[in-house]
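Please open the model in your viewer and keep the sequence panel at hand for the tour below.

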Amino acid sequence: MTNDAQQAGRAGIYCKLVLTTFFWGGTFVAARFAVHEAPPFFAASCRFAIAAVVLMALVARQAQRRGEAVPVPRSLREVLGLFSLGLTGIFCYNAFFFSGLKLTGAANGSLIVAINPLLTAVLSAWWLRERIRPLQGVGLAVSLAGVGVIVTRGDPGVLRTLTFNHGDLLLLGAPLSWAAYSILGKRAMGTFSPLVATAYAALSGTLLLIPAAVLEALGGAGPHRFSILGWVAILQLALLGTVAGFVWWYEGVKALGASRAALFVNLVPVFGTLLAALLLGERLGWPQLWGGMLVIAGVCGGTVRLKAG
């Protein structure tokens, strides 16, 4: 492959990762509509059940076009590997995220989830032996600072008033789960394509979420139905946030490595803030704009490849 083709392919991966974080920023807005109408595990089950059906249909169609059988795990190790994706990136992430947010504030939650790229970089260096380049470390620090500006709205005093509780410990499981999902996915894609790995992750995650939704219902967790607007939100979460977003995320992890792809996650609160201002009428001030610029600068700087490196 020529250098021009390699650069074009890498640019395409970058665009997909940016679009992925845009979709994920929109999931915060969509989730607000969804969980306002139904309990969180029921909403999550609907989201990933729809996504699993669509993803498995895409896998079957792709196999049919190639004249091949639908890819299936052929050993216990492959079954457990694919199951671990649904366990970490879908079930555990949602369980920790929603359970933690019940016991802690939004500011604490945003700060804890913002360490996702840092955890992924550290675990990737330890587990996958991925090298953390100096520019990547600088980009990570700058983008993390930008997230801090967005969360605190430019007021450092907010950090002094934060107190941490059991909900924060639960919420810490969310970025740990996502880091594990990214790293395990890197290994799974040695055998399966990003589409196939994501399809089986969604399927196994759904099978784990449904019992949690049943227990939620038995506990008297409110009505289990959506309005038209609620279903539109669920479809956004399923088709854009999961089908497109998760597949493109794994394409980025496969091409760039888990630690470098994780830098893009810091764009999620930037897009989430912009979409909340546009769709929900939330106030957008200079701290959010400056923080967003820092995040973008950090992501761009952290993904630069030096010729010598």
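How much accessible surface does the chain have, and what share of that surface belongs to carbon and sulfur atoms? The accessible surface comes to about 15,300 Å², and 69% of it belongs to carbon and sulfur atoms, with areas taken from the Shrake-Rupley method with a 1.4 Å probe, where for residues only the protein chains shown count as cover. This is a predicted model, in which local features need pLDDT of at least 70 and side-chain atom pairs count only at pLDDT 80 or more, while totals for chains, interfaces and linings use all residues. Residues are numbered from 1 along each chain as its sequence is written, and side-chain values use heavy atoms, with hydrogens and water left out.

Colour by secondary structure next: the chain has 13 helices and 0 strands (DSSP runs, H or I of at least four residues for helices and E of at least two for strands, numbered from the N terminus).

Now select F22 and F271, which form an edge-to-face aromatic pair, 5.4 Å centre to centre with 85° between the planes (ring centres of Phe, Tyr and Trp, the last by its six-membered ring, within 6.5 Å; planes under 30 degrees apart are stacked, over 60 edge-to-face, the rest tilted). This pair links helix α1 (residues 3–37) to helix α12 (residues 267–280), 249 residues apart. F271 counts as buried because its relative accessibility is 18%, whereas F22, at 34%, counts as partly exposed (buried is under 20% relative accessible area, exposed over 50%, partly exposed in between, with a 1.4 Å probe and protein chains only).

Finally, move to helix α8 (residues 166–188), where W178 and Y181 lie 3 residues apart, about one turn of the helix. Y181 is buried at 0% relative accessibility, and W178 is buried at 6%.
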